[in-house]
Amino acid sequence: MVLSRGDVIWLAPQPVLTRGDLQGVAPVRNDEGKSYLSFLLNEAGARKLADVTSRNTGALLSLVVGQTLHTVSIIGEPMTEGILRIPVANEAQAVGLVNAILGQGTNGTPR
């Protein structure tokens, strides 16, 4: 999905998933070279993800880190395995987002 300047989307005021729902997050690349963030969720996070994706198939899912909207994608199907993969523009963006989510500087050192 591509949004253009001036497009408007509505975001829920409270996040569905937070750092407390994570077991881990890593940048990954598929066989075609497309970059993703792969979130491994704990039991509570997996339940939340399954619930929200089951109730909102076809709706938008956004990734907001801090106060910045980074990605918007469409929920294609319920996600029941506790793993969430979100497409990003490139590997550099994926690494930068992982560092931001984990509270690390751009070089991987804690902030």
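Of the 111 residues in this chain, 28% count as buried, where buried means under 20% relative accessible area, exposed means over 50%, and partly exposed lies in between (1.4 Å probe, protein chains only). The model is predicted, so local features need pLDDT of at least 70 and side-chain atom pairs count only at pLDDT 80 or more, while totals for chains, interfaces and linings use all residues. Residues are numbered from 1 along each chain as its sequence is written, and side-chain values use heavy atoms, with hydrogens and water left out.

**The whole chain**

Begin with a cartoon view. Two helices and five strands are present; here helices (H or I, at least four residues) and strands (E, at least two) are DSSP runs, numbered from the N terminus. Followed along the sequence, they give the pattern β-β-α-β-β-β-α. Next, display the surface. The chain exposes about 7,300 Å², of which carbon and sulfur atoms supply 52%; accessible areas come from the Shrake-Rupley method with a 1.4 Å probe, and for residues only the protein chains shown count as cover.

**First stop: strands β1 and β2**

Select residues 22-29, which form strand β1, and residues 35-41, which form β2. The two pair in the antiparallel sense over seven bridges; strands pair if DSSP finds at least two bridges between them. One place to look is V25, whose bridge partner in β2 is F39. Five residues lie between the strands of this hairpin, and G33 takes a positive phi near 90°. Is β2 mostly covered or mostly uncovered? β2 is mostly covered, with five of its seven residues buried.

**Second stop: helix α1**

Select residues 43-55. This is helix α1, with 13 residues, and it reaches 19 Å from its first C-alpha to its last, close to the 18 Å expected at 1.5 Å a residue. The expected span is 1.5 Å times one less than the number of residues. At the start of the helix, a side-chain oxygen of N42 reaches to within 3.2 Å of the backbone nitrogen of A44. Now colour G45, A46, L49, A50, V52 and T53, the buried residues of α1. They pack against β2 and β5 (83-87). An α-helix has 3.6 residues a turn, so residues three or four places apart point the same way.

Select residues 60-65, strand β3, and show the side chains. The bridge partner of L63 in β4 is T71. Two residues separate the strands of this hairpin, and G66 in the turn has a positive phi of about 65°.

Return to β5 and show it with β2. These strands pair in the antiparallel sense over five bridges, and the bridge partner of L40 in β5 is I83. Now centre on I86, which also lies in β5. Why does I86 count as buried? I86 counts as buried because its relative accessibility is 4%. Leaving aside neighbours within four places in sequence, I86 is in contact (heavy atoms within 4.5 Å) with S35, Y36, L37, F39, L63 and T71. Then select A89, in the loop between β5 and α2. A89 is exposed, because its relative accessible area is 64%.

Select residues 91-101, helix α2. N90 caps its N-terminal end: a side-chain oxygen lies 3.2 Å from the backbone nitrogen of A92. The buried residues of α2 are A94, L97, V98, N99 and I101, and their cover includes β1, β2, β3 and β4. Just after α2, G103 takes a positive phi of about 75°.

Finally, select L37, F39, L63, L84, L97 and I101. Of the 17 residues in the largest nonpolar core, these touch the most other members. A nonpolar core is a set of buried Ala, Val, Leu, Ile, Met, Phe, Trp, Tyr and Cys residues joined through side-chain atoms within 4.5 Å. Which helix gives the most to this core? α2 does, with four residues. L97 touches L37, L63, V65, H70 and V88, not counting residues up to four places away in sequence. In soluble globular proteins, nonpolar side chains tend to be buried together.

Key
Polar contact = N/O pair within 3.5 Å; in protein donor to acceptor, adjacent residues only side chain to side chain.
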